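Colleague: Could you walk me through how to read a helix and a core in a model like this?

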Amino acid sequence: CDGDFDEVNTNPNDPVEISEDLQLGYIERTLLNQVYDYFASGECAATWPQHLSKPIYNDADRYFPRLSALNAFWNTMYASVIADADEMNRLAGEAGNRAVQGAALTLKAIALQTLTDAFGDIPASEANQGDQGNFTPKYDAQRDVYVQIFDMLDTAIAHFNSGAGSIDGGQDLIYGGDTAKWLKFATSIKFRAMMRVSDTDLFDASAIQAMANSGNLITTTADNAFIAFETENAPNANPYYDIVLNGREAEWCMGEALVDHMLAAGDPRLAVYANPNADGDYVGKPAGYINPGLSGYGAGVVSEIGDFYMQYDTPLYFINAAQVNLLLAEAALLHGVSGDPQSFFMDGINASLVQNGLSAGSFTPIYNGYQSIAEQLWVSTYMQGYETWAEWRRTDIPNDLDLAVDPQPGVGSIPTRYTYTNDELSLNGANVGAATANQGGDELTTKVWWDQN
Amino acid sequence: QEKTISGTVSDENGLPLPGVNVIVKGTSSGTQTDFDGNYSISANTGDVLAYSFVGYTTKEMTVGASNNISFSMEPDVQAIDEVVITALGIKKEEKAIGYASQQLKSEAIADVPTTNVVNSLSGKVAGVNITQSSGDIGSSSRITIRGVSTIYGNSQPLIVVDGIVMDNNTYGNANSGTDIPNGLADINPQDIESVNVLKGGAATALYGMRGTNGVVVITTKAGTKKQALGVEINSTISFSNPYIFPDYQNSYGQGHSTSYFEYVDGFGYDLGANGGDGGTDESWGPALDAGFDFIQYTSFIDNPNNPQAKPWVSNPDSVIKDFYETGITTDNTVSLSGGTDKATYRASFGLTDAKGVIYNTDLKKYNISGSVNYDLSDKWSVGFSARYIKSTSDNRNAVGYGDPDNQIGQLVWGARQVDWGALRDWKNLPLVDTGNGIMTPINWNLRYNNNPFWALDNNLHPWERNRWLGTANIGYQITDNLSINAQTGIDYFNNFSETKRMFGTVDNRNGYYSYVERNRYEVNTQVLLSYNNKFGGNDQFGLSLSGGGNAMVNKYRGYSAVAQQLVIDGLFNISNSSDAPLLGQSHSQSKINSLFGTGELSYNDYLYLNFTARNDWASVLPSGKTSIFYPSVSLSALVHDMLDLNSEALTFLKLRGSWAETGSTGPLGAYDVNPTYALSAFPLNGSSPTAIYPNTLWNQDIKPQRETAMEFGVDARFLSNRLRLDFTYYDKENNDVIMPLEVSAASGYTNVWKNAATITNKGIELVVGADIIKNQGNGLNLGVDINFGKNDNEVSNIEGSGVLNLTNGSLWNVDSQARNGEPIGVLYGPSFERGPNGQILYENGLPVAGDYKILGNSQPDWTGGLGINASFKGFNFRTLFDVKMGGEVYSQTNTWGNLAGVLEETLVGRETGVVGVGVMSDGNGGYVQNNVVVDAQSYYSTAYSQNIAESSVYDASFVKWRELSLSYSLPSKMLQNTGVQSISLGVNVRNLAILYKEAPHIDPETAFGTDVGQQGLEYAQTPSTRTIGVNLNVKF
């Protein structure tokens, strides 16, 4: 009675087999949309280090993150970025396409690093083993996650160096299939990851020197790794553009700390970062307040995010020359990497100026060693929430950010991580418990492993 | 000697009763009454004539001197020999059935008509839970029988109309978008002869996997043999008005400063900056009626170029008076029916034209049906029926949280000084820039809301469904004891929905257009061979056997297109998309092949053993493992006959018991067991396809879920059937429940198909009927019907975490979940942090958000109904009270209404501040009474927020006075020689009042739709309506 059922139950809508690179664009786009999600990245990661704030509906600014946004961030990163990257790596391995394998591993490394920087200990060695029946992956200590990230990136770099295989330009939203640039991308991601662990035993200055020597770091804006979308609609548009489309720019504003810093420095990027308020002034909002309007920081009083950053095709970076050069300056200054720190510093500033549509040389900040480098890492990662937050936690500069007014009860300092998601607590509770014990808590204020100062 | 006896048989109201069987006892001579109730028959004096008719007590008359015998038949209210329709349309005497079965007659459905026939079941059948989503015209309604027995997918019963399986899904989503009437709403209530609810496993096992949630068997009206052509016209006009509203405060208006307000463009947020505080959609502003004058949106209406400050005054009833309208529904059905000695036929045409209580929302339904049954010979008979229904709306109301076109959401927040009437004439209102230079008519607030009447006129959600139901059957009587019947039936529909948004719409400033077209058909072809015989001395053994097979084919094709932004305003054509439109396509098909058999063995007409067996082969199951077997057995014992207990006091006593094992594929759909990649619904940059690795892990070891059901019942009737009690106890356990189990996304998958939980439902049902006053003929009759159903639902053995989030079961931070040891549909969300003795904990005067925990549960503890009916002369009266007790609802209308300061209770502490009731830390590890004064806005926006949901979870119990009808039939004498058979005139009222509820501001009977997870969640639903109708019924 079921003779033709195999045929009846064959899906006519979806492919059973695909080429090894047909997922690439999906992975790149999904990763970028998560890294720039305005509820997680915007309301939390960019707001807690006080680049942005909210003059209304500012729960996250008071350290009540939208838990559903954190859930979505975690779930999408694992199930729609890491799982897809692993599959693409597998298919590309079968097809002998090492370039696509390199791309898969690079993107997976970014996803894992973004997750671990935000949460601390996370599943990595047991991640994506559902098809082997493991639905409760154990969490790796953050140090072990970083070890795997470095391995992954070393393999990716070796794949690209082999020259084997190619990437379909139509699927590659970042470089249009240019594998030479992918090599720089993978190398720069590894470099940044190594700098992130600069306060730990995992840090290896010689590896940094080797990467610098290879000539494969992104030091000019021409090599920046970004996506500039071509349509006005999610997910093929800058996520922040959705705010503009809905006329809700006034629900967001500049943080007081950043505005005051840039005003004091006479930094011309402020006019790009922010729009002046109704009186033509740049005014930022201190973090917090239950009723910002009543407290004098309502919309209209404070400056909105600059129009430059709110276009549908605003470039959204995975990594750029500004950050790489500033990190090189730090490496040269503190870790003996060859080169002149101040020269790297200025290369970073110029890259940042160019990236913001200003001309190189149009601003020369005071150079005061590490303090200036760290300050500029903070300033120049504007609108890259996870990078701003990570660099601020790592360097502790600026060190004078105030606790939000009217914070969530019990949160006594600026958050240094996300709490584990409700989904993980209910679906993988035992492993969350072990991770919590291992890293000394599951609070917003618990410090992640590399955040040692 | 033989003579011709003639006469007229009438019913209890004196109306002619056609089709009454008249036989001369002890002979083979017999006839039937004609359309006028007349008969004539040859008989001898002293012969006994027996008059029988379904639903009436058989009457015997001895032929005497008179040649005329005319009289009124007496209805047998719960006739013992009543024939009920069981699975597969097999008719059985009620006494032979070993399980509970409850049948509603046409008048229970049609006396108080609704546009969705499902609502007519509410409160009338024990153990059946009906939930109407909202007061929208034709809104979807949900049926569950004996609790929820599946966690994902459809938990509703199978619907069978005249043997055709009918799709009852809604294909709408009331979380966002439009709520679309469920499939059964297509059926014209006037066409329904009876509704039989098959509740338990033994009743439904013969339907196989599709009957596991119960079966609702609907039989439509048909003609009667030897009946002259009759025409019936039924007309109803009814008027609906919302009757449950929030209690608003009327003392403070828009804004967030108690001393100042200035409206510039309705767009900005704040004092003086770039637009005044018309951009604030909350009511924490200045006192109303306190002598303030401010520039308001009405100032711009008066003079756009030179707005002047106007008095800041309240408009207490403006929402009720100026926003809602009276809904009007006209319902007309014309039917003709009749029969010859070989054939019966009926045709009907129905037209429903309804206008909703929300401006410019409507629903039209056209029903055309016809049926013919024809006896080709003594042995051959054929039947055909066809039904076409067109349901169409120029604009369905938009609902839910996420939809910018849900104008009720605007009322949840709506500032309290607003005069809604001033916004109605949008064509003549000044235009305002909504950003990007796009102009729309002025509104009290434009940042989050459009002018509601502009939106209702322009942002339309047209919907249309065309449905065809058809059957053909042929029967052959092979011998006196053996017959065969073959039937094929189709349910086909296409469903077309559009969403249109003009430039300037909130969240779609550049317009939007989408359409979805769905085509679906299902064909069921069935053959049934039946054998009946009696044997043994005195024929004390009866045996009937049936067996056959069914082949089901289901095919679905869906197409969608979305233009996320438009180029030309107001042109709703997919080619007008500014970027490449998003196109979607979904094709699927599935098959079920079945073999089945059923038998009944009876002894002395007082002991009945029934058994059924069915095997299904379902194509959605993994290859080679497609088979499911379903056995059932039931026993019925008529104890009063067995033990000779018959007396006036105890008329009838039946004990029954049954056991069944049924199975189903649950939510498993076509292709779910096989791995594939998918193409993203969003091509890269709008043009290049890109592939996705699936998030749900397939499982080729999935097996059918199995339900074991036991049921025991007592049916007792006393005082010549004037008091009737029917009690049932049931216990069902559903094992290996199929689901896309949620798993840690770090596993690479968000879900995996698994057999992963157990669900139990245990409960009791009680049906009581009493004829309190009973008189012959036209005297006073008064009857009461009570039904009660209590169900305990529990889910256990959920694999892994023991927790499941239900589909569509999320509203902000509240999730509807299944949890081990709890009923399905617990509402899980953030609570208040509590002190040592359970008091709410405060810090700095504000309540502290506590853990996420179970805040309630969407399933009621019990449901019940009380019906009263009375008749006197030509008057008929019937009324119904409908009760649901227990369960909770999370009301976001309460959350945002408090946060926004629009509800009555937010007046507390406006001027003086609020001191929350509870405790705070004394700073030394102890607790003292909270004594910190905080401003009211801070208090309400903290206590009622996404961070604390407990404040908005309420007991969902209610008692509703659900139905009332009063009709009058003209005495037949008055109609003599007019050609009119009968005229009756009636008034009917639905939802007279809500007599009891705990949840403030809302109707606790509400849902976002028909999914399990959509129950117990509320936001900005269209208020429930009270409907008053006038009805005229004329038969020619």
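Modeller: Helices (H or I, at least four residues) and strands (E, at least two) are DSSP runs numbered from the N terminus. Keep in mind that this is a predicted model, where local features need pLDDT of at least 70, side-chain atom pairs count only at pLDDT 80 or more, and totals for chains, interfaces and linings use all residues. Residues are numbered from 1 along each chain as its sequence is written, while chains are lettered from A and ligands numbered from 1 in the order written.

Colleague: Which residues of helix α8 in chain A are buried?

Modeller: Ile208(A), Met211(A) and Ala212(A), within residues 205-214. Down the axis of α8(A), the buried residues fall within an arc of 100°, so they line one face; the arc is taken over directions from the helix axis to the C-beta atoms. They pack against α7 (179-196) and α12 (321-335) of chain A. Gly215(A) follows, with a positive phi near 75°.

Colleague: And cores?

Modeller: In soluble globular proteins, nonpolar side chains tend to be buried together. A nonpolar core here is a set of buried Ala, Val, Leu, Ile, Met, Phe, Trp, Tyr and Cys residues joined through C-beta atoms within 7 Å. The largest has 242 residues, and Ile151(B) and Val160(B) have the most contacts inside it. Helix α4 (67-95) of chain A gives the most to this core, 14 residues.

Conventions. Buried ≥ 20, exposed ≤ 12 C-beta atoms within 10 Å, placed from the backbone. Contact = placed C-beta atoms within 7 Å.
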